[in-house]
Amino acid sequence: MTGHLFAEAFTLWGAPTTWLEIVAFAIALAMVGCNIREIHWGWPLAIVSSVLYFALFWRSKLYGDAALQVFFAVVAFWGWLQWLRGRREDGSALTVSRLSRAGLTRVLLACAVLWPATGLFLKHFTDTDVPWWDAFPTAVSIVGQFLLGRKFIENWAVWIVVNVVSVGLFAYKGLWLTALLYTLFIALSGVGWRAWQRKL
């Protein structure tokens with residue numbers, strides 16, 4: 001079964017595209033569609049998508065992004081629980097909201113600390129040829145996932161930044177279908193932002 005998933009389905013812009021990448025592509029699109037509509041089934045789809053992308057990224061020596069998929073799979077259980085039963089600090093139901101100024105400051109600080117820390121780890125402990133570019137979407141996605149799980153609208157802005165960097169990274173690695181997926185994610189993040197704004 002694994003051999004079939006890693007088999008080449010077609011060539012896209014000179015790079016082989018595997019069946020694994022095709023399946024992961026489709027499931028990831030369905031996941032984002034659920035997130036935009038606040039449908040909690042997006043979280044189990046995130047788990048499946050993360051497992052598939054872990055295998056794809058590891059094979060491409062994108063270890064930061066591969067490790068991020070493990071994080072996504074674990075955090076998806078937390079996110080699913082948050083969307084089903086989560087509450088705000090005042091006990092009210094978890095609904096779409098905005099970060100406070102202090103919350104926004106904490107988000108920026110978290111990104112500023114996580115990116116170089118992740119980059120240094122990848123540079124010294126893996127054989128990746130793109131430690132800093134691999135580290136950026138890895139680090140910032142952790143923040144975005146937390147914001148999404150707690151239904152803060154700013155998660156969509158974070159995903160736009162992550163996806164723009166990821167498009168370049170995956171294109172450099174010849175993962176053209178995944179680069180296309182993340183290009184679509186940029187547009188879908190804008191759609192999600194507008195959809196959640198209407199819910200505020």
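**Salt bridges.** I counted the salt bridges in this predicted model. The structure holds four. I looked up one of them, between Lys199 and Glu38. Their closest N and O atoms sit 2.8 Å apart. I then placed both residues. Lys199 belongs to helix H8, while Glu38 is in the loop between helix H2 (19-36) and helix H3 (42-59). The pair therefore ties together parts that are 161 residues apart in sequence.

**H7 and H8.** Next I turned to the helix that carries Lys199. Helix H8 covers residues 176-199, and it packs with helix H7, residues 155-172. I noted an angle of about 165° and axes 8 Å apart. Angles over 145 degrees count as roughly antiparallel, so H7 is roughly antiparallel to H8. I also checked the hand of the crossing: it is left-handed. Which classes of residue make the contact of H7 with H8? I found 16 nonpolar and eight polar residues there, and no charged ones.

**H5 and H6.** I looked up a second pair. Helix H5 runs over residues 101-125 and helix H6 over residues 131-149. Their axes come within 8 Å and cross at roughly 140°. H5 and H6 are therefore oblique to each other. I recorded this crossing as right-handed.

**H4.** Last, I took a helix by itself. Helix H4 spans residues 63-85, which is 23 residues. From its first C-alpha to its last it reaches 33 Å. That is close to the 33 Å expected at 1.5 Å a residue.

Key
Residues numbered from 1 in each chain as written. Predicted model: local features only at pLDDT ≥ 70, side-chain atom pairs only at ≥ 80, totals over all residues. Heavy atoms only, no water. Axes fitted to C-alpha atoms, helices over the stretch in contact; angles between N-to-C directions. Helix = DSSP H or I, 4+ residues; strand = E, 2+ residues; numbered from the N terminus. Parallel < 35°, antiparallel > 145°, perpendicular 65-115°, else oblique. Left-handed = near helix turned anticlockwise from the far one by under 90°. Nonpolar A, V, L, I, M, F, W, Y, C, P; charged D, E, K, R; others polar. Expected span 1.5 Å × (residues − 1). Salt bridge = Lys/Arg side-chain N within 4 Å of Asp/Glu carboxyl O.
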